Amino acid sequence: MKTRRQIDADAAAMSDEEEEDAQVFTFNGQNYDTYQGMVDAKRKRNRDVLASSGLLEAKTAVDNAAMAEKRAAATARGLKRSKAPKAEPLPRRKSSRLSGEKAAGKFVQSSFMI
């Protein structure tokens, strides 16, 4: 009978062998050594399909029309900077302790003794 450790070791050895086999990525009948290589091949295929169907040009035309419409709407609304003079900022407040003022003679007395 195998111990739990032996079972775990056997499983780890099997998963290592599976990982070595899994390092080859297949797409459209071609093998790729890296996952990124397969992803790049898929992206190229997708780009080619979109270009051949004419959808890529249609998307570009829609994007350009949307941007032109957005620019026209912004200028039609009259979005401009305000020409009003900016108000002077108020002086920063400082505590009387930091400014060096003397206390007004008001003190709080504690009712308990230490």
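Reader: Which residue forms a salt bridge with Lys59, and how far apart are the closest N and O atoms?

Author: The partner is Asp63, and the closest N and O atoms are 2.6 Å apart. This is a predicted model, where local features need pLDDT of at least 70, side-chain atom pairs count only at pLDDT 80 or more, and totals for chains, interfaces and linings use all residues. Residues are numbered from 1 along each chain as its sequence is written, and side-chain values use heavy atoms, with hydrogens and water left out.

Reader: What makes Lys59 and Asp63 a salt bridge?

Author: A salt bridge is a side-chain nitrogen of Lys or Arg within 4 Å of a carboxyl oxygen of Asp or Glu. Lys59 and Asp63 come to 2.6 Å, so the pair meets the cut-off of 4 Å. Both residues lie in helix H3, 4 residues apart, about one turn of the helix. Side chains of opposite charge can pair when their charged atoms come close.

Reader: How many salt bridges does a search of the whole structure find?

Author: The search finds 2. Lys44 and Asp48 also form one, at 3.2 Å from N to O. These two are 4 residues apart in helix H2, about one helical turn.

Reader: Why is Lys44 called partly exposed?

Author: Buried means under 20% relative accessible area, exposed means over 50%, and partly exposed is in between (1.4 Å probe, protein chains only). Lys44 has 47%, so it falls in the middle class. Asp48, at 41%, is partly exposed too.

Reader: How many helices and strands does the protein chain have?

Author: There are 4 helices and 2 strands. Helices (H or I, at least four residues) and strands (E, at least two) are DSSP runs, numbered from the N terminus. Their order is α-β-β-α-α-α.

Reader: Where is confidence lowest, and where is it highest?

Author: The score here is pLDDT, the predictor's confidence in each residue, from 0 to 100. Helix H1 (residues 4-21) is lowest, with a mean of 62, and H2 is highest, at 93. The protein chain averages 79, and 70% of the residues score at least 70.

Reader: Is Asn28 buried or exposed?

Author: Asn28 counts as exposed, with 57% relative accessibility. You will find Asn28 in the loop between S1 and strand S2 (30-32). Its phi is near 55 degrees, a positive value in a residue other than glycine. Most residues other than glycine have a negative phi.

Reader: How much of the protein chain is buried?

Author: Buried residues make up 4% of its 114 residues.
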